[in-house]
Amino acid sequence: MLARPRAGPSRICFTRFIHSTAPRRRERFDPNNVERATDEVDVCIVGAGPAGLSAAIRLKQLEKEKGREVRVVVLEKGAEVGSHILSGAVLEPRALDELLPDWKNRPDHPLTQPTTSTQMRLFTKNHSFRIPQPPQMAKMGTYVISLSRVTAWLSSIAEELGVEVYPGFAGAGLVYGSDGCSVRGVRTNEVGLDRQGRMKDSFEPGMEFRARVTLLAEGAHGSLSKEAIRRFKLREGRDPQTYGLGLKEVWRVDPSKHEPGKVVHSMGWPFDIHTYGGGWAYHMAEGLVTLGLVVGLDYANPYLNPYRELQRMKHHPYFRDLLSGDSTRIAYGARVLNEGGLQSVPKLDFPGGALIGCSAGFVNVAKIKGTHNAMKSGMLAAEAAYDVLSSASEEAPADMSPYDTALHSSWVHNDLHEVRNVRPSFNTPLGALGGVAYSGLDTLLLRGRTPWTFRNKLGVTDAAHTRRARDCKPIEYPPFEAPLSTDLLTSLALTGTNHAEDQPVHLRVRRYLPQADNAAKVGSDGAAGTEGSHSELGLTAERYVEDAAVRREHVRVNVGEYGGLLGRACPAQVYEYVDVDDAETADSTEEAEKAGWAGKKLVINSQNCIHCKFCDVKVPTQDITWTVPEGGGGPKYTVT
């Protein structure tokens, strides 16, 4: 377990107006028997990333242009805006130019390093060769940035315009209308629960931000976005989303190695021909280089360790040279990203709100860029929301369908349509080599002008691509060579990750029940859990089980059949399958954490979590549900 310093004091932007109570004996928290403070707003945006902040800024611009006041609240689970933001990143400024035409004249803007050159390299184990690159990737007029810094800057602009930005407030659940079929806001997480879910003296219930329009801008695979997609069936007729896991480091390199604005992408080694992925090295301003790799989470071999692949990549002569001399690593992080493209974009609106940015999934895989599309989606959603606020009845759920129509009529759709077959071509009968050939032909010549679209007709998820351990060969990784490559906990210390230790584990081993079983009493203690603000309403009454039987089955399958994938592949060492003597005796919900199989049990070091969502996407049993911890917990990214 990683020892980490306590978080320092952070700026508090909001006060919880809750009545104080006398010290109490710790009682178990009952979410159905709690009085919550409420706040009425026009638009509640969950997530202070590029999409959410672009939406907030655009709403305030429309307020100024058209005269109708709009109260806009942005909830951000990170302790500071930008502290949970991680990306490559090379920014195409198209959306920024539209949102803030004068941004270059702002003295504090962080887009200080324009791209000066781009190249693609093919890596073998000991050599690299420059090869033709997709024209989408070679586009100039971009900027090498820290997206963490860019979002912090956008937040300051939003606040100047009157947006209320509340860092440290984690959106934990959707608030539903009395009909049970529309969203009327967001509930924030409880604060002051212990690991067993009992109320400490410091307990405060979460607040409800009741909004006419709710915009979900949580990033890839956000917990509320998952809830909305599942409950409103927004993926009907769409392909499952496909993800990659991006791991990155930021180095301050020797001045002789720094080439400001140079952008390099790589393919080939360290991955084998059956694994989709690649690397990068971007030369930022101030003598910094961001480097990393992305591995497609449809990889088959459960012995693959993404973190070890990154460390092995740095042993290549190209990176040994780049990081030689007076070079120091200053940051590390990881995050899943959307790769499914246009076919995987869900229906964008639901009664009372919409999905924007990476909550929907607008990454252009050929460009390896998505921020421009995320920002534009936020702007289009803001315009639709403003029209709804100006014309619709306050009683009726907000109809955000004009946003879905507008996005698919915009340049975002065109940007994704051109490359819609690139990533899916790797999962066709053509195989991986066929995917390389087809994607090259498509990006260089066809440019998406084909009558066909590759579809995932069987609905195969990334997790389902994982093969049994018995059918795969273990991967031998080279030893670490500090400071060039280090063990995972050394890297994790660079993230500044911190969670309050005595709080409920936010990574839940959970099995959702089929709709037909929603009214059934299940589990060894006679009850199922429920999810949603009003469990008596049909749409919100989703039921799940978190008992010892679910935990035991998780260990049996993941250890017995998949070689303990999570214990190896999590980029923050959250999961461990440890030896125990009594793993098979636990049989109640209260003893679920002790349950195991064949002398093994699962230990979840949730305080290490960097909120990457890898586990939720890739676990073969699909029984890990990532939920939000107390607001303010998690990584403290600053230059990522």
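At 42% relative accessibility, D321 counts as partly exposed, a class that lies between buried (under 20% relative accessible area) and exposed (over 50%), with a 1.4 Å probe and protein chains only. D321 forms a salt bridge with K257, and the structure holds 37 salt bridges. The model is predicted, so local features need pLDDT of at least 70 and side-chain atom pairs count only at pLDDT 80 or more, while totals for chains, interfaces and linings use all residues. Residues are numbered from 1 along each chain as its sequence is written, and side-chain values use heavy atoms, with hydrogens and water left out.

**Salt bridges**

- Side chains of opposite charge can pair when their charged atoms come close.
- A salt bridge here is a side-chain nitrogen of Lys or Arg within 4 Å of a carboxyl oxygen of Asp or Glu.
- In the pair K257 and D321, the closest N and O atoms are 2.9 Å apart.
- This pair links distant parts of the chain, with K257 in the loop between β13 (243-252) and β14 (262-268) and D321 in helix α7 (residues 317-322), 64 residues apart.
- Helices (H or I, at least four residues) and strands (E, at least two) are DSSP runs, numbered from the N terminus.
- K257 is partly exposed, at 22% relative accessibility.
- D298 forms a salt bridge with R423, and their closest N and O atoms are 2.9 Å apart.
- The pair joins distant parts of the chain: D298 is in the loop between β16 (288-296) and α6 (306-313), and R423 is in the loop between α10 (411-417) and α11 (431-446), 125 residues apart.
- D298 is buried at a relative accessible area of 11%, and R423 is buried at 3% relative accessibility.
- E561 and R468 meet through their side chains in a salt bridge of 3.1 Å, N to O.
- E561 lies in the loop between α13 (548-560) and α14 (565-569) and R468 in the loop between α11 and α12 (488-492), so the pair ties together parts 93 residues apart in sequence.
- R468 has a relative accessible area of 31% and is partly exposed.
- A network of salt bridges links R26, D194, R198 and D502.

**Helix α8 with helix α9**

- The axes of α8 (residues 371-391) and α9 (residues 401-408) come within 8 Å and cross at roughly 140°.
- Axes are lines fitted to C-alpha atoms, for helices over the stretch in contact, and angles run from 0 to 180 degrees between N-to-C directions.
- The two helices are therefore oblique to each other; angles under 35 degrees count as roughly parallel, over 145 as roughly antiparallel, 65 to 115 as roughly perpendicular, and the rest as oblique.
- S377, L380, A381 and A384 of α8 make the contact with P402, Y403, A406 and L407 of α9, contact meaning heavy atoms within 4.5 Å.

**Helix α1 with helix α4**

- The axes of α1 (residues 50-66) and α4 (residues 147-160) come within 10 Å and cross at roughly 20°.
- α1 and α4 are therefore roughly parallel to each other.
- P50, L53 and I57 of α1 meet L147, T151, L154, S155, I157 and A158 of α4.

**Residue G567**

- G567 lies in helix α14 and is partly exposed, with a relative accessible area of 36%.
- G567 touches Y575 and Y577, not counting residues up to four places away in sequence.
- The C-alpha atoms of G567 and K347 are separated by 35 Å, and these residues are 220 residues apart along the chain.
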